[in-house]
Structures are given as structure tokens and as C-alpha cells.
Amino acid sequence: MTTSTDGRILRGEQTRRAVLRRAVDIASEEGLESLSLGRLAKELRISKSGVFAHFGSKEELQLAAVRAASRIYHDHVVREAMEAPPGVGRLWRLCANKLAYSRERVFSGGCFFYTVTAEFESRPGRVRDSLVKAQHAWRALIVRTAEDARQLGELARDTDTALLAFEVHAFVDTANALSLLEDDLTTPYATARKALAARLDALATPAAPRPWADGPDDALTRPG
């Protein structure tokens, strides 16, 4: 009985993961409003009742997709960067990983959050609240990381870390948008990398390491 129950639980979790993986890709291309329990059931060849049992409503599906996308984002952008010591090296890894995440199309439609934030930015509700929370967490991480670098003497003492976080966000989002619009996986990201490197180079103290200088402006791989 236990083995049978465990098997059903495992199959149910596999179904949930498959639904969410497809859902985040659809949302990155078409937006969260394009998600439906029926569409996902049909595309994945599972019963609609099975999908409904996991999510219950379109809004719950959308919220689950945002949570799933946040986990994927963390795995591709944040986790490896946080293994670096505090300072400009960690800050640069966050920036470079964010560019690589977009360019590598971790989500098939580019940055999931870029697409769905534009969709919900003027629509109050639980979904927008979850997106606001995710965006605040990313900018707060950049601020904390930049503040660590400032405290270590690697960024100028008068560095406006909130402004820097805004600039990082703007540079990467612009690269993502232009890449999708112009079907160009090279120029927008190379330009954004160059802009980020120039901004950090201007803020770094003379003795600070400059990991952004280790490769050419069109080096778009994740830092190792």
C-alpha cells in the first residue's frame, strides 16, 4: 500500500514539474494570460482534471509559474554568483550571469520576468504582487552585493548602490528586449556587457579587482 501511494505521489510531482516547466516557457513567449489548464493538459497529453487537481484555477497556475520561474532564475543567475567571495567579483558574476541567462534562452521566450512584468505592471492583484516581490528581491540583492563591495573598499565610498541596481536592471532588460525584437543574440548582449563593465570600472577603486577586464566586450559566457 505504501509503495503504491509513494508511486502516485512521485507521478503527481513529476506531472506538476512538467506542467510548470511548459507553463513558464509559454508565459515567457506569450504572457501569463495565455496559460490555461486545458492548453497545458492537451500539449502534455495529460487529463485536464489532473492539471486542475494540482492548481485549481488559472490564477493559482499563474502564481505557481512565477514561483517556478523564480527558482529557475535563482539556479541560473544567483546560486553560482553567491559562491564567490563578497566584493566586485560577486557583483560582476551576478551581472554576467543575468546576461547569460537571457542570451542562452533559459526560458524559450527570453527573460520570463521581462515578459510577464510588462503584462501585469498596471493590473493590481496577487500575480502582480508576486512579480513585485521577485523584482524587489533581485534589486535588493544587487544593492547588498554592491554595498558589500563598497564596505570592502572595492567601490568608491560615494557609490549610490540603489542607482547602480537600477542601472544593472535597465542594461540587462534593454539587451533582452532588443535581442528578442531584432532576433540578435550577439550585439545587444555585447553592448550591455560593455556598458556594465564601464559603469563598474568607473565606480571601482584603483586597487579593486576588475574581473570584467578579463575578456573582450563580446565575451558572453558565464564567468568561471
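Visitor: What percentage of the residues in the protein are buried?

Guide: This is a predicted model. In it, buried residues account for 43% of the 224 residues.

Visitor: And how many helices and strands are there?

Guide: The protein has 9 helices and 0 strands. Read from the N terminus, the order of elements is α-α-α-α-α-α-α-α-α.

Visitor: What does the C-alpha trace span along its principal axes?

Guide: About 65 × 45 × 35 Å.

Visitor: How much accessible surface is that, and what share belongs to carbon and sulfur?

Guide: The accessible surface is about 11,400 Å², and carbon and sulfur atoms hold 55% of it.

Visitor: What about the contacts, what share joins residues at least 24 apart?

Guide: If you take contacts between residues at least 6 apart in sequence, 69% of them join residues at least 24 apart.

Visitor: Switching to charges. How many positive and negative ones, and how far apart are their mean positions?

Guide: There are 32 positive and 30 negative charges, and their mean positions lie 6 Å apart.

Visitor: Now pockets. How much space is in the largest pocket?

Guide: The largest pocket holds about 370 Å³. Its lining consists of 19 residues.

Visitor: Which of the lining residues lie nearest the centre?

Guide: Tyr73, Phe113, Ala134, Gln135 and Trp138.

Visitor: Which helices supply at least two residues of that lining?

Guide: α4 (58–78), α6 (112–120), α7 (126–151) and α8 (161–182) each do. The one that gives the most is α7, with 6 residues.

Visitor: I clicked on His169. Where is it, and what does it touch?

Guide: His169 sits in helix α8. Leaving out residues up to four places away in sequence, His169 touches Gln135 and Trp138. Both of those partners are among the residues nearest the centre of the largest pocket.

Visitor: Is His169 buried or exposed?

Guide: His169 has a relative accessible area of 16%, which is under 20%, so it counts as buried.

Visitor: And Thr115, where does that one sit, and is it buried or exposed?

Guide: Thr115 belongs to helix α6. With a relative accessible area of 17%, Thr115 is also under the 20% limit and therefore buried.

Visitor: What does Thr115 touch?

Guide: Not counting residues up to four places away in sequence, Thr115 touches Ala27, Ser28, Gly31 and Gly109.

Visitor: Moving to α4. Is Leu61 buried or exposed?

Guide: Leu61, which lies in helix α4, is buried, with a relative accessible area of 0%.

Visitor: What is Leu61 in contact with?

Guide: Setting aside its neighbours within four places in sequence, Leu61 is in contact with Val19, Leu35, Ser36, Leu37, Leu40 and Phe55.

Visitor: How far is Leu61 from Asp214?

Guide: Their C-alpha atoms are 43 Å apart in space, and the two residues are 153 apart in sequence.

Visitor: Other loops, then. Which residues does Leu152 touch?

Guide: Leu152, in the loop between α7 and α8, touches Pro86 and Gly87, with residues up to four places away in sequence left out. From Leu152 to Val88 the C-alpha distance is 9.2 Å, although they are 64 residues apart in sequence.

Visitor: Backbone check. What is phi at Arg45?

Guide: About 60 degrees, a positive value, and Arg45 is not a glycine. Arg45 is found in the loop between α2 (37–44) and α3 (48–55).

Visitor: Is Arg45 buried or exposed?

Guide: Exposed, with a relative accessible area of 79%.

Visitor: What about phi at Asp183?

Guide: Asp183 has a positive phi near 50 degrees and is likewise a residue other than glycine. Asp183 is in the loop between α8 and α9 (187–203).

Visitor: And why does Asp183 count as exposed?

Guide: Because its relative accessible area is 72%, and exposed means over 50%.

Conventions
Residues are numbered from 1 along each chain as its sequence is written. This is a predicted model: local features need pLDDT of at least 70, side-chain atom pairs count only at pLDDT 80 or more; totals for chains, interfaces and linings use all residues. Side-chain values use heavy atoms; hydrogens and water are left out. Helices (H or I, at least four residues) and strands (E, at least two) are DSSP runs, numbered from the N terminus. Buried means under 20% relative accessible area, exposed over 50%, partly exposed in between (1.4 Å probe, protein chains only). Contact means heavy atoms within 4.5 Å. Accessible areas come from the Shrake-Rupley method with a 1.4 Å probe; for residues, only the protein chains shown count as cover. Lys and Arg count as positive and Asp and Glu as negative; His and the chain ends are not counted. The place of a charge is taken as NZ of Lys, CZ of Arg, CG of Asp or CD of Glu. On a 1 Å grid over the protein atoms alone, a cavity is a set of points where a 1.4 Å probe fits but cannot get out, and a pocket is an open set with protein on both sides within 12 Å along at least five of seven lines; lining residues have an atom within 4 Å of a point. Grid points are joined across faces, edges and corners, and a volume is the space filled by probe spheres set on the points.
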